[in-house]
Amino acid sequence: MNLEDPVIAVIGAGAVGGYYGARLIQHGHRVHLLTPSDCESIRRTGMQIHSRDGDFSLSANQINVYGDPRAMPKADLVVVTLKTTANDRLAELVGPVVKEDSIILTLQNGLGNEELLQGLFGEGRVVGGMAFVCINRTASGEIWHTDHGMIRLGEPRGGPSERARKIARHFSDSGVPCDVLDDLTRGRWDKLIWNVPFNGLGAALDMTTDQLIASNEGLSLVRRICEEVIAACRPLNVRFDLNVIEEKIRHTQTMGAYKTSMQIDRQMGRRMEIEAIIGRPLRVARMNSVEMPSISMLHSMLSLLD
């Protein structure tokens, strides 16, 4: 396992993967991007990153980009940023770049991604993480990073590890703030407290984040859904104070008129990440006899729209 100067594969280099991959390339890392839809365009014109932390561009000859994972080299670190709607293709998209001692970092939304990757490639090689970033891909090879940007990662079994610290250091040294979590499960639910109301309602109502919190009615609905997420993880001994809800709302106020990924997916006629972000937390709640009436209704609405 080489995490000192790793060969890095980014599987699913759309908005999130494209941005983080570009930052790593910008700072001299050996990165290979898988993005079938944008591959030919990036090979012609490179990438343009418009970022609140400073714009930059990468010429075509700076980027190793692929449309087929079988053409990619084996990687020391495999960063999975695929939409969870493509999780049925994890074996064919991730498998070709994995070698015996590869480490796989999933930065996907929702619950269950670590378990899927562990089942396919082995429990000991998977690290989980969350991307806290406002970002959109507006054209092939063109990415707008408008707010936040942090990654938080950790071990599925909990506790810090040397490999997690090494991975985090590569991101931090590349202009991407990255923390190592003591408790990855808590970190996943912490992000769901934001993701369920804002991604879910944004898609169901086709409203940007600022519109969702622009009225007392919207704020009340957001708070109610956040409270249900907090209640759902309590039987897992993952506990949050209710004041975390106001923190999420304050952070959201800095984003402006941000379209969440699920809202954009709905507008583009693509499948939405309903199950990973909303369906799995809902099932956890039901298994523990926790009532989630607002989230249950939201899940039904999104399923109809999808």
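This is a predicted model: local features need pLDDT of at least 70, side-chain atom pairs count only at pLDDT 80 or more; totals for chains, interfaces and linings use all residues.
**Leu116 and helix α4**

Begin by selecting residues 113-121, which form helix α4, and highlight Leu116 within that helix. Is Leu116 buried, partly exposed or exposed? Its relative accessibility is 36%, so Leu116 counts as partly exposed, since that class lies between 20% and 50%. Next, display Asn87 and Leu90: Leu116 touches both, when residues up to four places away in sequence are not counted. A distance label may then be drawn from the C-alpha atom of Leu116 to that of Val126; the two are separated by 9.9 Å and lie 10 residues apart along the chain.

**The second largest pocket**

Keep α4 in view and select Leu111, Gly112, Glu114, Glu115 and Thr185. Among the 15 lining residues of the second largest pocket, these lie nearest its centre. Two or more residues of the lining come from each of α4, α6 (184-205) and α11 (274-287). The volume of the second largest pocket is about 360 Å³. Colouring the lining by residue class gives seven nonpolar, three polar and five charged residues.

**Helix α9**

Move to helix α9, residues 243-253, and select its buried residues: Val244, Ile245, Lys248, Ile249 and Thr252. Where do they sit around the axis of α9? They cover an arc of only 145 degrees, and therefore lie on the same side of α9.

**The nonpolar cores**

Now select Trp189, Val196, Phe240, Ile295 and Leu302, which touch the most other members of the largest nonpolar core, a set of 41 residues. At least two residues of this core are supplied by each of α6, α8, α9, α11 and α12 (293-305). Which element gives the largest share of this core? That element is α6, with nine residues.

Centre the view on Leu302. Apart from neighbours within four places in sequence, Leu302 is in contact with Gly200, Ala203, Ala204, Met262, Met272, Ile274 and Ile278.

For the last stop, select Ala22, Val31, Leu107 and Cys178, which are included in a second, separate core of 38 residues. As general background, nonpolar side chains tend to be buried together in soluble globular proteins.

Technical notes:
Residues are numbered from 1 along each chain as its sequence is written. Side-chain values use heavy atoms; hydrogens and water are left out. Helices (H or I, at least four residues) and strands (E, at least two) are DSSP runs, numbered from the N terminus. Buried means under 20% relative accessible area, exposed over 50%, partly exposed in between (1.4 Å probe, protein chains only). Contact means heavy atoms within 4.5 Å. On a 1 Å grid over the protein atoms alone, a cavity is a set of points where a 1.4 Å probe fits but cannot get out, and a pocket is an open set with protein on both sides within 12 Å along at least five of seven lines; lining residues have an atom within 4 Å of a point. Grid points are joined across faces, edges and corners, and a volume is the space filled by probe spheres set on the points. Ala, Val, Leu, Ile, Met, Phe, Trp, Tyr, Cys and Pro count as nonpolar, Asp, Glu, Lys and Arg as charged, and the others, Gly among them, as polar. The arc is that of the directions from the helix axis to the C-beta atoms. A nonpolar core is a set of buried Ala, Val, Leu, Ile, Met, Phe, Trp, Tyr and Cys residues joined through side-chain atoms within 4.5 Å.
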